[in-house]
Amino acid sequence: MLENNLPSWRQDLKSSRKKEGKSPSNRWVQLATVSQKNEPRLRTVVFRGWHKDNSMIIFTDRRSEKIGHLKYNPNAEILWFFLKSKSQYRFKGKISELSDNKNYWDTLTEKSKSSWFWGSPGKKINPKFQYDYEIVSNPTKSENFVVLNFEIDSVDLLKLEKPIHKRYLWEKLKKWEKTEINP
Ligand SMILES: Cc1cc2nc3c(=O)[nH]c(=O)nc-3n(C[C@H](O)[C@H](O)[C@H](O)COP(=O)(O)O)c2cc1C
């Protein structure tokens with residue numbers, strides 16, 4: 001643990017993010033869920049910040065497939081790879097929905113709010129539907145807007161280094177103690 005009670009992996013992650021620079025891709029992570037057929041499904045999502053120290057916030061659309069997956073099985077994994085520090089973080093945990101999400105909706109630009117009013121993700125496109133990029137100022141929150149709370153249970157960091165790679169594991173059950181493991 002760090003002095004301010006944050007797990008020490010938060011510090012490692014912070015320095016990996018800092019090395020990567022300010023590119024928007026610095027916040028793109030891969031989220032894995034388990035489908036109702038017990039098949040793995042992966043997609044890129046945007047990391048939207050922290051909730052209560054050890055949970056990651058993700059925005060999504062209620063009509064997307066991952067919502068059905070998470071109802072069936074809340075277990076998920078997030079993979080975050082940093083090119084500059086050659087570091088791979090694998091976060092294991094559980095996802096729930098934050099019911100009070102209005103303050104998150106308010107952080108979005110009008111343009112990004114509009115995507116929650118488009119047609120259902122993954123369904124056949126309706127050629128008559130006008131995708132409104134120049135969205136009129138719409139103060140109403142979309143019913144499709146969902147804020148996911150990914151509560152982290154363990155973190156596995158692999159750093160490619162010379163002559164030997166380094167690998168560390170932190171587990172919430174073990175009070176986030178940092179353990180070096182074989183790469
Ligand atoms: C760079 C990038 C960022 C994305 N960010 C998000 C996001 O924050 N939330 C989200 O639900 N989908 C995001 N997507 C779209 C997802 O990758 C995916 O296509 C969509 O969520 C539907 O996934 P599902 O059918 O598995 O639910 C992003 C895609 C890309 C390429």
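The protein has four helices and nine strands, in a model that is predicted. Read from the N terminus, these elements follow the order α-β-β-β-β-α-β-β-α-α-β-β-β. The protein has 183 residues, and 16% of them count as buried. Among contacts with a separation of 6 or more, 58% are between residues 24 or more positions apart.

The strands can be followed from E1, which covers residues 28-34. E1 runs antiparallel to E2, and seven bridges join the two. One of the bridge pairs is Trp28 with Val46, the latter in E2. E1 and E2 form a hairpin, with five residues between the strands. In the turn, Asn38 has a positive phi of about 60°.

Strand E2 leads on to the ligand. The shell around the ligand draws five residues from E2, the largest share. Strand E2 (40-46), strand E4 (55-61) and helix H2 (65-72) each supply at least two residues of this shell. In total, 15 residues surround the ligand, and the closest are Arg43, Thr60, Ser64, Glu65 and Lys66. What kinds of residue make up the shell around the ligand? Six are nonpolar, four are polar and five are charged.

Note on methods:
Residues are numbered from 1 along each chain as its sequence is written. This is a predicted model: local features need pLDDT of at least 70, side-chain atom pairs count only at pLDDT 80 or more; totals for chains, interfaces and linings use all residues. A residue is near a molecule or strand if its C-beta atom, placed from the backbone, lies within 6 Å of it. Ala, Val, Leu, Ile, Met, Phe, Trp, Tyr, Cys and Pro count as nonpolar, Asp, Glu, Lys and Arg as charged, and the others, Gly among them, as polar. A residue is buried if 20 or more other C-beta atoms lie within 10 Å of its own, exposed if 12 or fewer, and partly exposed in between; C-beta atoms are placed from the backbone. Two residues are in contact if their C-beta atoms, placed from the backbone, lie within 7 Å. Two strands pair if DSSP finds at least two bridges between them.
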